[in-house]
Amino acid sequence: MDFRTPELDKLAAETIPQAYFELSAEDARDRYFADTRMLDGKQLAHNRFRTNPRTLVDHLLDQLALTGSERWLDLGCGNGFIAEQIRPHLPQGQVVGLDIAPGVLNAARQRLAGVATPCDWIEGSADDLSMFSDNVFDRVTAIYMMHYVPDIAACFREVRRVLAPGGRFVVTTDRPDSMVEMFGVHFAAMKQMDAPAHLFKATPKARISLDNGREQLAPYFATVELVTWQDQLRFTTVGPFLDFYAAHNYCCAASRPGDGLEPGFFTELRERAGEYVQQAIDRDGYFAVTKFTGSFVCQ
């Protein structure tokens, strides 16, 4: 399944900025993930509108290669959406979820309450795993969250320390041009509004993407294998796309508090982006958002 086209490559070259937003761990804890709404919105859209028959969890299970008894640490576990689906593959194992945000951590705790596999939920930052002993986990995952970690190198050192011999560390992230169609309508709408220049940035995933992740991981792990896959979300009505767009904090434009924007800025942005999306739906029958994504499997 390959959705890449010369048209998408051209759109990415014209659209995706080199500069990216730098967001603090405090904002992640207190704003974006104070509750589960953003995660819920993204997860719902991927489940409903994907075209790849294999889910994210299908790909992760291939990479984790579980036998059923592993001790698994999920860094940035969020609302437990992934843990809930992987947990049945660990009937004799253990699940440990760590997240900096108590709001989503509580949701994970409730989601998996009462399951047979032992589950522990710990509030903390992924670059400080001092609460764990050496060589204690057989699998560690960081799924679309590493860009939020304040000290990425410290996180990798800590994961290497807590990972048992023969264990695996799976880091899932995107290419910089993933979801380029959404960025295309986002930046087009902001240009119409003469939006402030500092809002024209890429997401923080550029900190560690499929393009630059290997070089960051290589000093800490003997092997770093890149496994990629693609998906395409197809929206035939505007409303669900706009909910997905909002769940991404309007391509991070709404992520920074105190920007001094006019009241109603994001209401107008949403309306203008929706107009572009409706044009695509009228022309093609759907509006596509293409995911170029994958994982680094480290041992």
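Me: Which residue does aspartate 174 pair with in a salt bridge?
Reply: In this predicted model, the side chain of aspartate 174 meets that of lysine 205 in a salt bridge, at 2.9 Å from N to O.

Me: Where do the two partners sit, and how far apart are they in sequence?
Reply: Aspartate 174 belongs to strand β5 (residues 163-174), and lysine 205 is in the loop between α8 and α9 (213-217). They are 31 residues apart in sequence, so the pair ties together those parts.

Me: Is aspartate 174 buried or exposed? And what about lysine 205, buried or exposed?
Reply: Aspartate 174 is buried, at 3% relative accessibility. Lysine 205 has a relative accessible area of 18%, and the cut-off for buried is under 20%, so lysine 205 counts as buried too.

Me: OK, how many salt bridges does the structure hold?
Reply: There are 16. One of them joins aspartate 35 to arginine 37, with the closest N and O atoms 2.9 Å apart. There, aspartate 35 is partly exposed at 29% relative accessibility, while arginine 37 is exposed at 65%.

Me: What does aspartate 30 do?
Reply: Its side chain meets that of arginine 29 in a salt bridge, 2.8 Å from N to O. Aspartate 30 is partly exposed, with a relative accessible area of 48%, and arginine 29 is partly exposed at 29%.

Me: Which residues are linked in a network of salt bridges?
Reply: Asp134, Glu158 and Arg161 are.

Me: Which of its residues are buried?
Reply: In α11 the buried ones are Phe265, Leu269, Ala273, Gly274, Val277, Ala280 and Ile281. They cover an arc of only 155 degrees around the axis, so they lie on the same side of α11.

Me: What covers the buried residues of α11?
Reply: The cover includes α8 (180-192), β6 (224-235), α10 (238-247) and β7 (287-298). Just after α11, glycine 285 takes a positive phi of about 95 degrees.

Me: Now the largest nonpolar core: which residues touch the most other members?
Reply: It has 37 residues, and Met190, Phe241, Phe244, Tyr245, Leu269, Phe287 and Val289 touch the most others. Elements that each supply at least two residues include α1 (6-15), α3 (37-49), α10 and α11. The largest share, seven residues, comes from α8.

Me: What does valine 289 touch?
Reply: Leaving out residues up to four places away in sequence, valine 289 touches Met179, Glu181, Asp231, Gln232, Leu233, Phe235, Phe241 and Phe244.

Me: Last one: where is aspartate 151?
Reply: Aspartate 151 is in the loop between β4 (137-143) and α7 (152-162), and it is partly exposed at 35% relative accessibility.

Me: Which backbone nitrogen does its side chain reach at 3.4 Å?
Reply: That of alanine 153. The backbone nitrogen of alanine 154 also lies 3.0 Å from a polar atom of the aspartate 151 side chain.

Terms used:
Residues are numbered from 1 along each chain as its sequence is written. This is a predicted model: local features need pLDDT of at least 70, side-chain atom pairs count only at pLDDT 80 or more; totals for chains, interfaces and linings use all residues. Side-chain values use heavy atoms; hydrogens and water are left out. Buried means under 20% relative accessible area, exposed over 50%, partly exposed in between (1.4 Å probe, protein chains only). Helices (H or I, at least four residues) and strands (E, at least two) are DSSP runs, numbered from the N terminus. The arc is that of the directions from the helix axis to the C-beta atoms. Contact means heavy atoms within 4.5 Å. A salt bridge is a side-chain nitrogen of Lys or Arg within 4 Å of a carboxyl oxygen of Asp or Glu. A nonpolar core is a set of buried Ala, Val, Leu, Ile, Met, Phe, Trp, Tyr and Cys residues joined through side-chain atoms within 4.5 Å. A polar contact is a pair of N or O atoms within 3.5 Å; within protein, one must be able to donate a hydrogen and the other to accept it, and residues adjacent in sequence count only if both atoms are side-chain atoms.
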